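Colleague: I would like to learn how to read a few features of a model. Please take them one at a time, with the general idea before the case.

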Amino acid sequence: MYGDATNWDEDAYRESVLKERDIQTRTVFRTAWAPPSSPNIDTLLVASSDGSIASYSISSSISSSKLNNPFGFVNADTDKLFAVPNCFVQAHDGPAYDIKFYGDSEDALLLSCGDDGRIRGWRWKQLSSSNYSVFSQGNDIKPVLDVVNPQHKGPWGALSPIPENNAIAVNTQGGSVFAASGDSCAYCWDVETGKVKVTFKGHLDYLHCIVARNSCDQIITGSEDGTARIWDCKSGKCTQVIDPAKDLKFKGSVSWVGCVALDASESWLACSSGHNISLWNLPASECVSKISARTCVQDMLFDNNQILTVGADPLLNRFDMNGKILSQIQCAPPSAFSISLHPAGVVAVGGYGCLVDIISQFGSHMCTFHCQCV
């Protein structure tokens, strides 16, 4: 006999296999550095495909990473550095797609959106309090903001499914949070009242991304319909349609705008369409350059006069404004969905496998860890 199967627990075995698969396929969709902004990096927030939001101590992760690997880089296939979160909130039913801070002090709200069509907000000071128990999974702390996308009426009064929220942006001066929704609309929510102030209609397909151009009281959205649109926040009207594939005659079957980014002056806009990026001078309403990445771009941001991108390969790319590649740094996630930049120049990259890579301003790997569920 090779073993006694008398006490074999089929259900427990099945549950362990499913749990292991879930850990391997879990994805980080968004990372964000916690306020207050300071030269000392401390806390990173992570939104994951299991609907959770968790915060991690970077200093603790760096210490653990150096113990496991003195060279500072973790092999995702062989190393199992699981970081323990400082706080953990089961924020959404379904994946959590985006997180943003409303405000830049300890009194800021931590906002999240997800596949359940909700935008929820917690007081960051309360979540990060030392009296908070991580094992309660945030269930004892109620969100101060909890809104859900409207449903549309169909024939005979039937209601449509609640559309998901794929991204959010904020305007603290206007008291607003903007959502890019799966019903091809963007919504402006009042943070104080929890009511919709403006609905932005015009896209022909669902929205992937959104940024707030607060200096001009505008938002910019990117959609599956292949266009980016600039909207006036007061009237809700579209003031400009940007069609990168048409204007630049991109080759191939690219038909979506996956992500958009604004520089600090809010004068330059980058739009990604598959592996292509178009750079626009907004005051002149003119495209000034075209950038080609190796694979599909899944997130990007400006770092002064440079553009950082991540995508469907394990690379952090840095381009200049003319499209010249300046550097490529190997990352732990085999496919990266999020990049966030700390004021000190440190970059966090998150993606498939629930991996997060912390890279210094000099390009060295400070630490790499797997996010761990509580």
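Colleague: How many cavities of 30 Å³ or more does the rule count here?

Modeller: Rolling a probe the size of a water molecule over the atoms shows where empty space is left. On a 1 Å grid over the protein atoms alone, a cavity is a set of points where a 1.4 Å probe fits but cannot get out. Points are joined across faces, edges and corners, and the volume is the space filled by probe spheres set on them. By this rule there is one cavity of 30 Å³ or more, and the largest cavity has a volume of about 60 Å³. The model is predicted: local features need pLDDT of at least 70, side-chain atom pairs count only at pLDDT 80 or more, and totals for chains, interfaces and linings use all residues. Residues are numbered from 1 along each chain as its sequence is written, and side-chain values use heavy atoms, with hydrogens and water left out.

Colleague: Which residues lie nearest the centre of the largest cavity?

Modeller: Lining residues have an atom within 4 Å of a point. The largest cavity has 12 of them, and S48, S52, Y56, C371 and Q372 lie nearest its centre. Strand 2 and strand 3 are the elements that give two or more residues to this lining; strand 3 gives the most, with three residues. Strands here are DSSP runs (E, at least two residues), numbered from the N terminus.

Colleague: How do strand 2 and strand 3 run, and how many bridges join them?

Modeller: Strands of a sheet pair through backbone hydrogen bonds, either parallel or antiparallel. Two strands count as paired if DSSP finds at least two bridges between them. Strand 2 (residues 43-48) and strand 3 (residues 52-57) run antiparallel and are joined by five bridges. T43 stands opposite S57 in strand 3. The open sheet has four strands in the order 1-2-3-5, with antiparallel pairing. Its edge strands, strand 1 (28-33) and strand 5 (87-90), each pair on one side only.

Colleague: Why is strand 19 described as largely enclosed?

Modeller: Buried means under 20% relative accessible area (1.4 Å probe, protein chains only), exposed means over 50%, and partly exposed is in between. Five of the six residues of strand 19 (residues 268-273) are buried, so this strand is largely enclosed by the rest of the structure. Strand 19 runs antiparallel to strand 18 (residues 259-262), with four bridges, and antiparallel to strand 20 (residues 276-281), with six. C271 in strand 19 is the bridge partner of V260, and S272 stands opposite I277 in strand 20. In the hairpin of strand 19 and strand 20, with two residues between the strands, G274 takes a positive phi near 65 degrees.

Colleague: What contact does the side chain of N276 make?

Modeller: A polar contact is a pair of N or O atoms within 3.5 Å; within protein, one must be able to donate a hydrogen and the other to accept it, and residues adjacent in sequence count only if both atoms are side-chain atoms. N276 is found in strand 20 and is buried, with a relative accessible area of 3%. Its side chain makes a polar contact with the side chain of S292 (3.4 Å).

Colleague: How many disulfides are counted?

Modeller: A disulfide is a covalent bond between the sulfur atoms of two cysteines. The rule asks for a pair of cysteine sulfur atoms within 2.5 Å, and the count is zero. C271 is buried at 0% relative accessibility. The closest cysteine sulfur to that of C271 is in C209, 7.7 Å away, too far for a bond.

Definitions and conventions. On a 1 Å grid over the protein atoms alone, a cavity is a set of points where a 1.4 Å probe fits but cannot get out, and a pocket is an open set with protein on both sides within 12 Å along at least five of seven lines; lining residues have an atom within 4 Å of a point.
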